[in-house]
Amino acid sequence: MNDDSGAQPYLMLRDPDGQMTRVSLDDLPLTIGRRSTNAIQVLDPTVSRDHARIDRDGEQYFVHDLGSTHGTFVNQERIDRHDLSANDRIRLGGAMGHVITFRSGGEFTMLIGTTGKQNPTAPVTETTPAGGVARQESAQSLTALLEISKALNSSLRITDVLEKVMDAVIALTDGERCLMLLGESADELEVAAHRNLEGGTDEVVYSQSVVRNVFDSEESTILTDVAEDDRFSAQQSIVGLHLKTVMCVPLRLSHFSEDAEPRLGEYQTGSAENSTSRILGVLYLDRKSATRHFGDQDLSVLESFASHAAIAIDNARLYEEALEKRRMEEDLRVANRIQRSLLLSDFPESDWYDVHAINIPSRGVGGDYYEFFDVPGGGLGFAVGDVSGKGIPAAMLMATLQAAFLAAIRLDSNIADVCAHINNFIVERTSPERYATFFVGQLHTDGKLDYVNAGHNPALLVHPDGETHELFGGGMPIGLFPDREYEIQTVQVPAGSVIATYSDGVTEANNPKEEEYEMERFGKALRAHSKEGAHGIIKEVFDDVEKFAEGVPPFDDLTLMIVKRLGE
């Protein structure tokens, strides 16, 4: 992955599973999108079928948006066309799990040429004492270069990388203290690693004014005599620590033009004309010794190391993000198994009704809920709920709603009172933004249906002749306000009729044009297959939803319950 042989640019693709794939740029243009004919296929509902294109103009590579609906982003900024620099991160629409990083292929070629007066790879031929010093400094630089190389290649764990970079920097600069601070802004910088060769207190004190100045200006600073520098000499941290010399450089993810020759001292200010960058943080070093100040040689070498340390940190972050994603996915798989066990899979059977239900969470686990229960006198009870939000928080509230409902319905068969009870239960235990819409019905053997619709989508009652009624009424969603009253609605269900209760994930399913499935098409599908059994109706409806979606994954949980009153 870190081999720079040939210095050929490439793309590094990390998929939602954390897999890293190197993509060659030999065959251009290279297209990216949801369509399978693209060189890079990204299966995400916010990615257009033909979303973006990578191409080059002379020696300059660029990314071009192909009129996508949700946009193309480079380093979090939406673009139309963008000239690519090393380590630029490309995101398509809202596909946060897919990271495409542009690598120039020349990240390591600049290191030897920017280590200052001594080139650590050049032979040292001096025989004078000065030559001995040069030989010693060259060997020291080479050792530090090897340490950085090992940090970049031997580990992708962020803690290991930070520690090895600290060791290498101390070895290179002979600093007494070294700190690495990482953050998105100067106000967010935090000490990620540090070394103090003097030992002493664990408290990490440093010149925040120096650090802030370097981060905001994106330019390195070297104070060869702190006491004589009017900008910082009065700072309490510098005075209190008795510092004599300070050096601080930005951790820069840089792109260097490969047709430009490195020049001595060119990167001392970090503002070379042939580089573009983004800043991850800073490296800060200081000394108290009055006899050994940091010089231009130290600064030039440290800047070179900082740029490669930034690449190592960026790679390690990507790796740890992938590991964390895998851990979360495993937790989701476990949570999914638990949630599936909470939802009925063995449905009640009778000679006068036929029932079936299906639940498809959009994120492994979800907030939709369905239930069947007994009704005194031999009737059939059923309920469908839709918790606000998605994912694990919604699943937790769904489990709470289920427990509260089952406890209440076993003590009281009045479904209006049950809804009032679980409403107060949820209000007392959740924040106001957590609530659920809920539909609960009791179908009796004579065809009478008593129901409460607590802010849920209207269930559809489809008569044998195709006449369709929407079942509204009952009260507010569960969990919004305390002490709400709910009312029972009653309707007659003729033999052969179908009751369809569902969550809005069904009617709001999207296709690639971002059109919704909607109630009209849903009702049409129900009427077209109402003569079939409950399982068959669900299969046909979901087949129609999938056909409409054309491969776009669901944005929301999908739940559909069919209750069919059989003929007399």
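The model is a predicted one, in which local features need pLDDT of at least 70 and side-chain atom pairs count only at pLDDT 80 or more, while totals for chains, interfaces and linings use all residues. Residues are numbered from 1 along each chain as its sequence is written, and side-chain values use heavy atoms, with hydrogens and water left out.

The chain holds 10 helices and 27 strands; helices (H or I, at least four residues) and strands (E, at least two) are DSSP runs, numbered from the N terminus. Of its 568 residues, 50% count as buried, where buried means under 20% relative accessible area, exposed over 50% and partly exposed in between (1.4 Å probe, protein chains only). Among contacts between residues at least 6 apart in sequence, 64% join residues at least 24 apart, a contact being heavy atoms within 4.5 Å.

The largest nonpolar core comprises 50 residues. Such a core is a set of buried Ala, Val, Leu, Ile, Met, Phe, Trp, Tyr and Cys residues joined through side-chain atoms within 4.5 Å. The residues with the most contacts inside the largest core are F372, F382, F405, F438, V440, I478 and V563. Helix α6 (residues 391-411) gives the most to this core, with nine residues. Another core, of 28 residues, lies apart from it and has L251, L280, F294 and A309 among its members.

Turning to the sheet, five strands form an open arrangement in the order β17-β27-β26-β22-β23, with antiparallel pairing; two strands pair if DSSP finds at least two bridges between them. Strands β17 (353-360) and β23 stand at the edges with a single partner strand each, so one side of each is left without a neighbour in the sheet. From one strand to the next, the twist averages 15 degrees. Helix α9 (residues 518-528) packs on the sheet, where α9 touches β22, β23, β26 and β27 (558-565), and its direction makes about 35 degrees with that of β22. Helix α10 also packs on the sheet, touching β17, β26 and β27, and the direction of α10 makes about 35 degrees with that of β17. For these angles, axes are lines fitted to C-alpha atoms, for helices over the stretch in contact, and angles run from 0 to 180 degrees between N-to-C directions.

Strand β22 (residues 459-462) is worth a look in the viewer. Its residues A459 and L461 point one way and L460 and V462 the other way, and all are buried. On one pairing, four bridges join β22 to the antiparallel strand β23 (residues 468-471), with V462 opposite T468 and L461 bridged to H469. These two strands form a hairpin with five residues between them, and G466 in the turn has a positive phi of about 95 degrees. Strand β22 also pairs with β26 (residues 498-502) in the antiparallel sense over three bridges, and here L460 stands opposite A500.

The axes of α9 and α10 come within 9 Å and cross at roughly 140 degrees. D544 lies in α10 (residues 534-549) and is buried, with a relative accessible area of 19%. Leaving out residues up to four places away in sequence, D544 touches Y517, R521 and A525. The side chains of D544 and Y517 are joined by a polar contact of 2.5 Å, that is, a pair of N or O atoms within 3.5 Å; within protein, one must be able to donate a hydrogen and the other to accept it, and residues adjacent in sequence count only if both atoms are side-chain atoms.

D557 sits in the loop between α10 and β27 and has a relative accessible area of 2%. D557 and S362 are 195 residues apart in sequence but 4.8 Å apart in space, C-alpha to C-alpha. N423, in helix α7 (residues 415-429), counts as buried at 0% relative accessibility. A polar atom of the N423 side chain lies 2.8 Å from the backbone nitrogen of G479, and a polar atom of that side chain lies 2.7 Å from the backbone oxygen of F481. Beyond its neighbours within four places in sequence, N423 is in contact with residues including P477, I478, L480 and Y486.
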